[in-house]
Amino acid sequence: MRFTFRLIVASLAGVIGHVAPALAQDYPQLKPGQWEMTTSSSKSADARPNKMTMCTDAVVQKQMMDMGKGLSRDLCSKLDVRREGDKYIGDSVCKVGESTMTSHSVMTVQGDTAYKTVVTATYDPPLMGMKDANTTIEGRNTGPCRDGLTPGDVVSAEGRKFNMKSYANPQRAAPPQPKAAPSATPKVPQ
């Protein structure tokens with residue numbers, strides 16, 4: 001499960017990193033609301049696709065684009081992106097930990113309600129034992145946000161919930177911790 005989550009994060013970082021810098025001006029806005037995303041990988045420990053749910057709006061989309069720009073600027077030595085009709089094609093070389101990821105992605109959008117991204121990547125040296133991986137991410141809008149989700153909320157396949165805004169703004173990632181009360185040492189009669 002941890003391997004699959006790391007692979008998804010690495011893949012999403014690659015996809016966001018591919019499209020963010022070159023397409024910030026003409027990147028299609030996704031319809032606000034609840035999205036279902038299915039990720040499958042050739043190297044997943046579990047053969048079943050991983051499904052996540054996310055509630056998004058224009059603010060969250062901008063934060064994700066900004067995060068992608070930052071990731072690509074910090075991690076990638078090569079980033080080429082071009083648009084061909086409804087497809088966004090990217091080639092990049094990025095550092096992921098001690099490994100160099102060389103990837104090719106094709107993102108096909110269907111209006112503002114669906115997309116499919118296919119990423120082919122190689123890792124040198126292998127990343128978590130992987131030399132290569134093929135990852136497909138498909139997303140579709142399912143209507144307004146529901147189930148108590150607010151913009152930025154993501155629910156993993158395992159039911160874990162987190163908010164993407166905390167990743168886009170690291171200063172808000174950890175809630176403030178309450179101050180510890182002074183410890184009183186009990187007096188022991190002598």
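**Salt bridges in a predicted model**

Let's start with Arg160, which is partly exposed, with a relative accessible area of 48%; here partly exposed lies between buried (under 20% relative accessible area) and exposed (over 50%), using a 1.4 Å probe and protein chains only. Please keep in mind that this is a predicted model, where local features need pLDDT of at least 70, side-chain atom pairs count only at pLDDT 80 or more, and totals for chains, interfaces and linings use all residues. To find your way, note that residues are numbered from 1 along each chain as its sequence is written, and that side-chain values use heavy atoms, with hydrogens and water left out.

Which side chain does Arg160 meet in a salt bridge? The partner is Glu158, at 3.2 Å from N to O. A salt bridge here is a side-chain nitrogen of Lys or Arg within 4 Å of a carboxyl oxygen of Asp or Glu. Glu158 is partly exposed too, at 40% relative accessibility.

By this rule, the model has five salt bridges, so let's visit another. Arg82 and Glu84 bring their side chains together in a salt bridge, 3.0 Å from N to O. Arg82 has a relative accessible area of 41%, making it partly exposed, and Glu84 is also partly exposed, at 43%.

Now turn to Lys78, which pairs with Asp80 in a salt bridge whose closest N and O atoms are 3.9 Å apart. Are these two residues buried or partly exposed? Lys78 is partly exposed, with a relative accessible area of 37%, and Asp80 is partly exposed at 44%.
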